[in-house]
Amino acid sequence: MEKLKINPKDLRIANELSQVEFWEKVGITQSGGSRYENGERRVPPSLAHILRLTYVEHVDLKDVTRDSIEVSRLLKAEQPDLYATLIKEVKSRRRHK
């Protein structure tokens, strides 16, 4: 897994959230999140990815299911041209919101 440069405190401040609001959204307690923010604990790669999805990509984790991930993988493997077209459409729609 690639190493992501994620500074959770900067992300939290940029999103104008309290520690409780920020960390609760990704299933971490405020006290646990505080340890990541002040450097007492290193942010593991899996948590860095979750933070990026949640606060950079703005993915609501409640909407992600195993089925949706598996369908996406299958579509990418079996119909790469269609997958690429759909990705372009999604990005286009996102820009026009």
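This is a predicted model: local features need pLDDT of at least 70, side-chain atom pairs count only at pLDDT 80 or more; totals for chains, interfaces and linings use all residues.
Colleague: Okay, in what order do the elements of the protein chain run from the N terminus on?

Modeller: Let's count what's there: the protein chain has 6 helices and 0 strands. So, reading from the N terminus, the order is α-α-α-α-α-α.

Colleague: Is the chain a compact globule or more spread out?

Modeller: For 97 residues, the globule rule gives 13 Å. The radius of gyration here is 16 Å, well over that, so the chain is more spread out.

Colleague: Which residue meets arginine 12 in a salt bridge?

Modeller: Arginine 12 lies in helix 1 (residues 8-14), and its partner lies in helix 3 (residues 30-37), so the pair ties together parts 25 residues apart in sequence. The N to O distance is 2.7 Å, and the partner is glutamate 37.

Colleague: Is glutamate 37 buried or exposed?

Modeller: The cut-off for buried is under 20% relative accessible area. Glutamate 37 has 14%, so the word is buried.

Colleague: And what about helix 6, how many residues apart are arginine 93 and glutamate 89?

Modeller: Those two form a salt bridge, with the closest N and O atoms 2.7 Å apart. Both sit in helix 6 (residues 80-95), about one turn of the helix from each other, and the separation is 4 residues.

Key:
Residues are numbered from 1 along each chain as its sequence is written. Side-chain values use heavy atoms; hydrogens and water are left out. Helices (H or I, at least four residues) and strands (E, at least two) are DSSP runs, numbered from the N terminus. The radius of gyration is taken over C-alpha atoms; the globule rule is 2.2 Å times the number of residues to the power 0.38. A salt bridge is a side-chain nitrogen of Lys or Arg within 4 Å of a carboxyl oxygen of Asp or Glu. Buried means under 20% relative accessible area, exposed over 50%, partly exposed in between (1.4 Å probe, protein chains only).
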